[in-house]
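Okay, thanks for coming, everyone.

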Amino acid sequence: MADEALDAAMDRYAGGDDRAFDELYREAGPRLFRFCLRLTARRSEADDVFQDTFLKIHRARGTFVQGSRASHWMYAVARSVYLDRLRHKKRRPEELSETPEAGATFEDLAGSFASPESEAQAREMAAVVQRVLMALPESQRAAFVLVKEEGMSLAEAAAVLGTTTTAVKLRAFRAYEALRSALGLSDKSDKSDKSEKRAADE
Amino acid sequence: MSSASLPPAPPPELAARIRAAIEAEPTPSKVRMPVRVGLGAAGVFAILLVTSFVFRIRAVGDDAFGDLLVTSAAATLLALAALGSAMSPGKSGLGLPSRALLVVAVITPLLYCAATVAHPVAGVGTTAVGDGMGHFCSKAWPCLAIAGVISLASCVVLFGALRHAVPVAPRLRGAAVGAASAAWAGVALHLHCPQIDRAHLLVAHAMPIVLFALLGAWLAPRLIKP
């Protein structure tokens with residue numbers, strides 16, 4: 001339903017109806033923002049990529065093909081913006097230097113929870129997920145986010161990433177494996193921390 | 001694990017910044033993609049028509065006229081197919097799948113090469129290329145110049161039509177656009193040049209398609225990003 005509203009808003013916006021922007025932003029904003037948070041290493045960079053993405057959507061709106069999925073087109077624009085920044089960073093590392101803001105991005109991805117304990121657990125898990133995702137190559141990270149988090153089919157993700165379904169499957173699988181192994185390690189370390197605490201209490 | 005149920009809202013100050021940035025932007029083109037692609041294709045046909053008048057269609061004997069017609073039609077079909085595939089928005093609106101673009105970029109020069117070498121059509125002005133590099137070059141450079149002019153003009157028109165389009169697989173898209181542009185030059189050369197020497201056909205007629213596919217792959221990421 002949300003996709004249909006977004007597609008309709010994008011069709012109107014691409015046709016030159018500037019008033020459709022508010023609806024477009026309302027429908028696409030949260031999803032695109034989450035995607036940007038997942039792609040980038042820090043919150044301020046996610047903000048910049050998100051802003052640039054909407055600016056490029058505005059500039060390129062004439063190239064949107066009526067009847068196609070607006071969300072897929074927008075993800076492709078966001079990824080292109082991010083890849084451009086990566087290239088720029090490689091050429092001029094001093095301008096966009098990385099300063100890790102620990103906890104800045106994953107906190108945005110955690111929601112509200114019933115108890116402080118479950119919130120703490122969720123934050124910890126989100127931190128591990130974010131850390132592992134950021135350690136992955138961009139191609140694996142994007143494939144994982146689109147398939148596992150945004151719920152796209154392999155074919156849809158392949159179209160957005162400009163690659164084959166086999167490549168997307170492989171990349172998402174590698175990212176998934178990396179996450180599984182990282183979460184397994186963190187479970188073990190968590191257990192050993194608790195047993196150490198227990199031993200200290202006794 | 002999935003955070004799909006918890007989409008974080010972008011901060012309100014970001015929305016205000018985006019609105020201000022968009023208002024400061026000049027009004028973007030509202031010409032829709034199918035119209036742009038149609039205009040691009042029309043531009044390429046116009047280039048081919050104009051250059052056919054400028055460079056003249058070669059004369060062939062009555063016995064070879066049918067051959068020239070069939071081979072020209074085949075070259076035109078190949079160029080049309082390459083053009084359609086390179087510019088197609090595909091089902092998703094993001095262009096054809098990457099594998100299809102790769103096939104277009106690779107198959108177009110190969111098919112043209114195979115067809116032109118396997119079935120050359122002798123014209124009235126056909127002369128022996130002769131021995132020596134100097135003689136070979138004197139015959140090759142006019143064809144290379146024609147190929148360069150037509151391919152470059154077609155590339156400009158087609159990349160212009162794709163300007164600001166989403167760069168999904170930009171290198172492959174660029175390679176396909178470059179190959180399609182040079183395939184049209186191949187049609188013009190086939191109509192114009194009476195030479196049937198295989199080395200000439202490979203170097204002066206088929207090689208530009210490969211070169212322009214490579215040039216397109218290099219240019220596209222710089223030209224068609226949104």
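**Starting from one alanine**

So, let's begin with Ala169 of chain B, which sits in the loop between α5 (133-161) and α6 of that chain. Before I go on, please keep in mind that this is a predicted model.

Is Ala169(B) buried or exposed? It's buried, because 25 other C-beta atoms lie within 10 Å, and the cut-off for calling a residue buried is 20 or more. Which residues does Ala169(B) contact, if we skip the neighbours within four places in sequence? In chain B we get Gly95(B), Ser98(B) and Leu101(B), and from chain A there's Gly162(A). Also have a look at Ala217(B): in sequence, Ala169(B) and Ala217(B) are 48 residues apart, but from C-alpha to C-alpha the distance is 9.8 Å.

Okay, staying in chain B, let's look at a helix pair. Helix α6(B) covers residues 170-192 and helix α7(B) covers residues 198-223; their axes come within 6 Å, with a crossing angle of roughly 150°. Anything over 145 counts as roughly antiparallel, so that's what α6(B) is to α7(B). The crossing of α6(B) past α7(B) is right-handed. As for what's in that contact between α6(B) and α7(B), by class you have 17 nonpolar residues, six polar and two charged.

**Over to chain A**

Now chain A. How many helices and strands does chain A have? Nine helices and zero strands. Of its 202 residues, 39% count as buried. And if you take the contacts in chain A between residues at least 6 apart in sequence, 60% of them join residues at least 24 apart.

Let me pick out one pair here too. The axes of α2(A) and α3(A) come within 8 Å and cross at roughly 135°. That angle makes α2(A) and α3(A) oblique to each other, and α2(A) passes α3(A) in a right-handed crossing.

Zooming out a bit, chain A is divided into domain 1, residues 1-98, and domain 2, residues 110-202. Domain 1 of chain A puts nine residues into the contact, and domain 2 of chain A puts in eleven. On the domain 1 side, α2 (21-39) and α4 (70-91) of chain A each supply at least two residues. Which helix gives the most to that side? It's α4(A), with five residues. By class, the domain 1 side has six nonpolar residues, one polar and two charged.

**Where the chains meet**

Last stop, the two chains together. Here 45 residues of chain A are in contact with 36 residues of chain B. On the chain A side, the elements giving two or more residues are α2, α3 (43-59), α4, α5 (104-109), α7 (138-149) and α8 (154-161). The largest share of that side comes from α3(A), with eight residues. Split by class, the chain A side has 18 nonpolar, 15 polar and twelve charged residues.

And remember Gly162(A), which is one of the contacts of Ala169(B).

Methods:
Residues numbered from 1 in each chain as written. Chains lettered and ligands numbered in written order. Predicted model: local features only at pLDDT ≥ 70, side-chain atom pairs only at ≥ 80, totals over all residues. Domains from an automatic or database assignment. Contact = placed C-beta atoms within 7 Å. Helix = DSSP H or I, 4+ residues; strand = E, 2+ residues; numbered from the N terminus. Nonpolar A, V, L, I, M, F, W, Y, C, P; charged D, E, K, R; others polar. Axes fitted to C-alpha atoms, helices over the stretch in contact; angles between N-to-C directions. Parallel < 35°, antiparallel > 145°, perpendicular 65-115°, else oblique. Left-handed = near helix turned anticlockwise from the far one by under 90°. Buried ≥ 20, exposed ≤ 12 C-beta atoms within 10 Å, placed from the backbone.
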